[in-house]
Structure formats: structure tokens, C-alpha cells
Amino acid sequence: MMDTWLGPTFCNTLPLSLSFPISARILSSSFSSSSSMATSSSHHHFHHHRRCYSNPNPPHPQPALLVFSGGTAFNGVVEELKNLTNRVAHVLPVSDDGGSTAEIVRVLGGPAVGDIRSRCLRLSDQSTVEALAVRNLLGHRLPLDSPQAKSEWYSIVEGDHLLWKDVSKPYRETIRAFLVYFQNQILRRAEEKFCFSNGSIGNFFFAGARIFFQSLDAAIFLFSRVSDIPPESLVLPVISTNDRLTLGCELWDGTIIRGQNEISHPTRGTIELIKKGSFSAPALPSRIKRVFYMSSEGKNLLHEVFPSVNAAVLEWLNNVDCIVYGMGSLFTSICPSLVLLQIGEIIYSRSCLKVLVLNGTWDRETNGFSASCFVTAITDALNRTYGEPSNRLQNLPNHYINTLLVPKDGEIPVDIDNLAAQGIFDVIVVDSLRDPKVGIIYDPSSLIGSLADLTHKYMKSQVMA
């Protein structure tokens, strides 16, 4: 049943490009600074590797990574990732239409900036009192109560709010100028009656900068400098545009759903806090066949559009040591970046590490999936299997993914035989934590330790080659 819902699977082909043994190799990794002794468990037949990865004098240069992710799940390991490398391109979609992002897009148009703002804040400097003050200001959300939210917004935009306390005059004037510009744009569209409820100050700043410069890239550059992100770290929208982008999805029963939020976290048209980590939304009537972009007013497959990928993303893909498909909402956070023309072609052409970080729990989009189902969905997205026939590729799963990281005690079954049939033999079990709100998540140090081990081995092999 699972395979018929997902469409064709790759069951009969073994990889030509990988030289691993036929039986899948499962490694259970936990990293610590106190021990490098390897032990084994005869019951589970797992190898446990303990090693330190935060060497202050690494023998090799920092690895370069490109991470496909959304704005929530991967944020939990961004801080730990800095211990491995700052040379990271974070590629994020710009089609989120929930929360305060939705209100900005409704009134002012343009791409969604919420995921980009969220990642920028996670990467921002925290080393000084002022850096923390800027981070707190741009990370602040207004109250849910609409009159209270509007009142607090005016206090912030007028410069009277306590959030400005430790922000120096140059920073204050720069940030406030774009908040004032955002407010001016809102007033020009007074008939739309902008709702400030639960609004993100960082989103407002971002929107003001984007409209002022008429450039999403320029707004990201400004935000990165204001929040003092390491210059080697880049936050890249997968599509660099000033236009509104709408994500659609086609289910296996033929249903078309319009809007990212309606696919993953429907809120019944009311202003609600979106609980992206919880599995509380009603089930989809059928599994997801594919996601695609549609015109802002479109409602069916006739309104599909094909936006161009950000050239900077392609440049990074051609040069990184490791491509990571991060954990998060598979079809609404990861796949929107993968379905674009040229993405699959370049990933196929690379012989670098290609790592899928498997989710710890199911969500509305992936209920009942096994690990091989995730692999099939990513392969279908990169191959554009169910899209325009002239755009389709026919590459195998192991051309896109060669290593799978899975959280210990995760909810999603790791079906080793199906993964082996897909040509994926490196399956590494990573220590996990139980979050009371979302269930099993990765232990950040263990996850980044596993990536460190993989990238260091890869870079060493490249030097010796």
C-alpha cells in the first residue's frame, strides 16, 4: 500500500557508483570529548563510536556545506553547527504563507521572509550586550491581542520601547529607519487594515528593507550585517524574487491544495499560533504526490509556474563538500527547493557527500512513511517525476542521497532492505532527545558530530586522491 501511494519505487537496481557491501551498514554514533573508545553491542549489532570533533586546531580547512531546510526544525542545531564550520549555505524556501508572514504578503505582496528571518537570527552574534539586544529586538513578537499589538508596535517604531535600551545610536537609527519605512508602506494601504497581532519585528524590518531596495538579496545582506552573521555563512532564498510565490500540492487522489500553510498546518482561516512541531492538524485525504509553484491567484494545475532558481544556490551546489537535506516538513520545507530546474541536474553531477537527515516523528505530510518513502519523495522531487514531461529526469535515489542519518528511537521505521534496493547502505544512528512538545529530536552535538566525522573522512579522501 505504501509503495502504491508513493508511486514507482526503485527496488531492483544496485548502485554503480558506491562500493559498499550489499548488507546495509548501520552505525550508531554518539560523540563526546572524554573518550575515543569504540564498543560494540552484540544484541543490536551496532557499532558505537565516541570521538571528539571540536578540535581547536583542525588538520583540514573547514568543510563547506549546503543545507536544504525550512525555518523551524533545523534551527535547533544551527548553533552547534558553528562548532564544525561557518562555511554553510542555508537554502530556504520563500513560499511560507502562515503567521505574520501571511499578513505581510497579503497587504504588501512579495515573497515570504519568515523562514529567512528565523535562520538569520539563529546565526546572529550573541557575544556582546548590544548583539543580544539587537537579536532580542529582531526576534520579538507582538502580543496576540490586536489592540495591544498595535500599541506595542507604535512604541517600538517611535523608539520608546525598552527593547531599544542596549542598542547604540547607529544601530538604532539603521533598524528604526526600515521599521518606519515599513510603517509608511502599511499606511499607504490603509484600506487593507494591516493586523499586527503576533507580528514579528524581524519580519517587519525585513519587509521594509526588501521594499526599499526592491531586492530580496539586498535585504538579506542588510539583515546579515545588522545581526552580525559570520561572513562565511550565507542565507540564500532558493528563489530570489520580489514577487509573491504560492506553493501548491497534488495529492494521489487528484486533490489540489493551494498554499503552504493549508498543506502542512491549516488554521481554518483564523489567526492562530502555528504549532509547526505538533501533529494536530486533520489528516490529508490522500498522500502527497508532488509540490509545485502556482500563480498567486491560481487554483489548479493549469496555473503552474516555473520560477528560476537563485544562481548563488547553483554556484554553491557545484562547490560544496557536503549537501544536506535537513529535517523538517518534507513536502513544504525541503521539496520546494528541490523541484526547481537545474537543482537535480547539479546534485546528480556531484560526487560529494549527500546526506538525508531523517525526521524523528511523523507529521501531517508524512504520516505512515518509512525511511525509504522519504528517499523516494526526495528522488521524485529532484527528478520532477510527476511534473511537466519535458522537464523530467530519471536518476536513481543513490545519485541524490548516499548517507542517511536517523535519530535513535525515532518514530519513522528504517526499512533497511528497501533502502538497500535504492542503493543506500550508509545508515548512521544518532543520539536523540525527547522533546515534550514534538517528540524525538536529534541531540545537536551528536548530529553535528556525525556530520563532522563524515565530512572529515570525505575531505581526507579528496586530499589523498
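Predicted model: local features only at pLDDT ≥ 70, side-chain atom pairs only at ≥ 80, totals over all residues.

Me: How many residues of strand S5 are buried?
Reply: Strand S5 covers residues 88-92 and is mostly covered. On one side lie Val88, His90 and Leu92, and on the other Ala89 and Val91, with both faces covered. The number of buried residues in S5 is five of five.

Me: Which residue of S5 stands opposite Val67?
Reply: Strand S4, residues 65-68, is joined to S5 by four bridges, and the two strands run parallel. Within S5, the residue that stands opposite Val67 is His90.

Me: How far apart in space are Trp316 and Val91, C-alpha to C-alpha?
Reply: Trp316 is found in helix H11, which spans residues 311-317. Leaving aside residues up to four places away in sequence, Trp316 touches Leu65, Leu66, Arg87, Val88, Ala89, Glu232, Leu234 and Leu236. Trp316 and Val91 are 225 residues apart in sequence, and their C-alpha distance in space is 10.0 Å.

Me: How many of the 10 residues of helix H4 are buried?
Reply: Helix H4 runs over residues 114-123 and is mostly covered. Its buried residues are Gly114, Asp115, Ile116, Arg117, Ser118, Arg119, Cys120, Leu121 and Leu123. Of the 10 residues in H4, the number buried is nine.

Me: Are H4 and H9 roughly parallel or roughly antiparallel to each other?
Reply: The axes of H4 and helix H9, residues 216-226, come within 10 Å and cross at roughly 25 degrees. Angles under 35 degrees count as roughly parallel. H4 and H9 are therefore, relative to each other, roughly parallel.

Me: Which residues of H9 make the contact with H4?
Reply: H4 passes H9 in a right-handed crossing. On the H4 side, the contact is made by Ile116, Arg117, Cys120 and Leu121. An α-helix has 3.6 residues a turn, so residues three or four places apart point the same way. From H9, the residues in this contact are Ile220, Phe223 and Ser224.

Conventions. Residues numbered from 1 in each chain as written. Heavy atoms only, no water. Buried < 20%, exposed > 50% of the residue type's maximum accessible area, 1.4 Å probe, protein only. Pairing = 2+ DSSP bridges. Contact = heavy atoms within 4.5 Å. Axes fitted to C-alpha atoms, helices over the stretch in contact; angles between N-to-C directions. Parallel < 35°, antiparallel > 145°, perpendicular 65-115°, else oblique. Left-handed = near helix turned anticlockwise from the far one by under 90°.
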